[in-house]
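Here is a short note for a colleague who is opening this structure for the first time. Please keep the model on screen while reading.

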Amino acid sequence: MFNIRGMRGLLTSSIGVTCAAALTLPPAVLNVPSAVAAPAERTTTTTLRGSTQSLPLTPRTRERVLGQAPEQGAYSADVRPFSLVGVVWDNPGTALDGRVQVRTRSTATGRWSGWQDVETHNADHGADPGTAEAASGRVHGATAPLWVGDSNGVDVRVRAGERDGDGVDADADDASGPAGGASVVGRDLLPAGLRLELVDPGDDTPPYDEPADGPRTNTEDDASAAVNADLTDVDTTEIPALSREDTERELSELNDTDALLARPYIGPRPKIVTRRGWGADESLRERGFVYTGKIKAAFVHHTASGNGYTCSQAPSVIRSIYRYHVVSMGWRDIGYNFLVDKCGTIYEGRAGGVAKAVRGAHTLGFNNNSMGIAVIGTYGSHKPSAAAVTAVAKLTAWKLGLFGANPKGKTYLKSGGGNLYPKGKNVRLNVISGHRDGYATECPGAKLYAKLGSARTSSAHLQGR
């Protein structure tokens, strides 16, 4: 008789001529203080486990309205290495109606990059209004994160009233406006408490190893791994792919019943890199897990973090996004349930178990009874790879199949509140939807959104429909 234990062997712009000329001037000419305050440490973790430096933004113009200048910035040629940047501010209910641009200095070449736009409207991701995560008091307003690679110098400028778009990063999306429900401080003002976050993802050595500064508890590491114990050994770094037949057997074993009578369509389980596999520091996230009732739909996203990463860097990108979501933005864990890189590798996101209905913070208003899948990159004008789209199809065929959902079908979700649908409204959506289907946003980018039809077809085919 097939046994789950025995199966474990198988498992595992243009800104204008004047402004453009100003970019060549030294920081002092741009009204940046010649002595920049030292970056504030936001955690006490070691370099091995990553770190976050925080630089307060200061006025770059002499105009002040209610203490907030219409242009702010920060410059430092003397910071510890980092690989991802983002801008955060105090009030998560305030939208940044303006433009954020950054340039960085490479640790490898010592050269400064060109200016890149950072996606400013990021409030469309997050926990649903009224949930404990949203009301924790720790949440901040924030831009999307931007992956810049190994860097040790940074220059950022934030201008009120300018939309991001047409910068050096040709793949940056042009946001359609501030997030619904968020107040805007005015086109000549910027949100209070602006600061630049510089994230070092740390070394790729698994974080459950003992750090250099002494022993630590492995309680949260073990808890995060234990929720996948029915699928693979707790110390594994990946959950291996299964054949269709073995996936069906596993479903029956996990439910301790003839589940296939009720759920006859399920795709073969794809390989999934676990949190331990991408190096999650489990001490960062909030303890415990939060679950929803079931998984009725999958929302596809892009991370809007740029496409300048290699597949071997994907775990570092994920560690950086995780740290940015938790340490900088104040979420309980990384927002997405799964992430997919450009080579088609699937990664476990929010902790709680890849086969379980874990509530994420990915589609504001529709996190209940859904899952969020983020393709790493920016796909407004850049086409996603065929491997990434195929991975989305494989993942949804398996995970939606666990809950009896048809990838080519429709379903109803009740809105938790957003800028498209009021709280409490039952909304009919595609079982595989783009983020923009539940919220007025550019996510997942026009090029990735255009591939969702083929992903639905492939996913349904993998389920045997």
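Predicted model: local features only at pLDDT ≥ 70, side-chain atom pairs only at ≥ 80, totals over all residues.

The points below cover a strand pair, salt bridges, aromatic rings and charges over rings.

1. Strand E19. Start with residues 410-414, which form strand E19. Which side chains of E19 are buried? Thr-411 and Leu-413 are, and they point to one face.

2. The partner of E19. Strand E20 covers residues 426-430 and runs antiparallel to E19. The two are joined by 5 bridges.

3. Salt bridges overall. How many salt bridges does the structure hold? There are 16. In general, side chains of opposite charge can pair when their charged atoms come close. The next points take up some of these pairs.

4. Arg-195 and Asp-90. These two form a salt bridge, with the closest N and O atoms 3.1 Å apart. Arg-195 lies in strand E12 (residues 195-200), while Asp-90 lies in the loop between strands E5 and E6, so the pair ties together parts that are 105 residues apart in sequence. Is Arg-195 buried or exposed? Its relative accessible area is 12%, so Arg-195 is buried. Asp-90 has 42% relative accessibility, so Asp-90 counts as partly exposed.

5. Arg-103 and Asp-155. Here too the side chains meet in a salt bridge, at 3.1 Å from N to O. Arg-103 sits in strand E7 (residues 98-106) and Asp-155 in strand E10 (residues 146-160). The pair links distant parts of the chain, 52 residues apart. Both Arg-103 and Asp-155 are buried.

6. Asp-246 and Arg-249. This salt bridge is at 2.7 Å, N to O. Both residues belong to helix H4 (residues 244-255). They are 3 residues apart, about one turn of the helix. Asp-246 is at 12% relative accessibility, so Asp-246 counts as buried. Arg-249 is at 31%, so Arg-249 counts as partly exposed.

7. A network. Salt bridges also link four residues into a network: Arg-275, Glu-282, Arg-285 and Asp-333.

8. Aromatic pairs. The structure holds 5 of them. One is Phe-289 with Tyr-291: the ring centres are 6.5 Å apart and the planes are at 55°, so the pair is tilted. Phe-289 is partly exposed at 25% relative accessibility, and Tyr-291 is partly exposed at 36%.

9. Phe-366 and Tyr-421. Why is this pair edge-to-face? The ring planes are at 85°, with the centres 6.1 Å apart, and planes over 60 degrees apart count as edge-to-face. Phe-366 is in the loop between strands E17 and E18, and Tyr-421 is in the loop between E19 and E20. The pair links distant parts of the chain, 55 residues apart. Phe-366 is buried, with a relative accessible area of 2%. Tyr-421 counts as partly exposed at 22%. Ring pairs link Phe-366 and Tyr-421 with Phe-299 into a cluster.

10. Charges over rings. Arg-157 lies over the face of Trp-115, at 4.0 Å from the ring centre. Arg-436 lies over the face of Tyr-449, at 4.7 Å from the ring centre.

How values were computed
Residues numbered from 1 in each chain as written. Heavy atoms only, no water. Buried < 20%, exposed > 50% of the residue type's maximum accessible area, 1.4 Å probe, protein only. Helix = DSSP H or I, 4+ residues; strand = E, 2+ residues; numbered from the N terminus. Pairing = 2+ DSSP bridges. Phe/Tyr/Trp six-rings, centres within 6.5 Å; stacked < 30°, edge-to-face > 60°. Lys NZ or Arg CZ within 6 Å of the ring centre and 35° of its normal.
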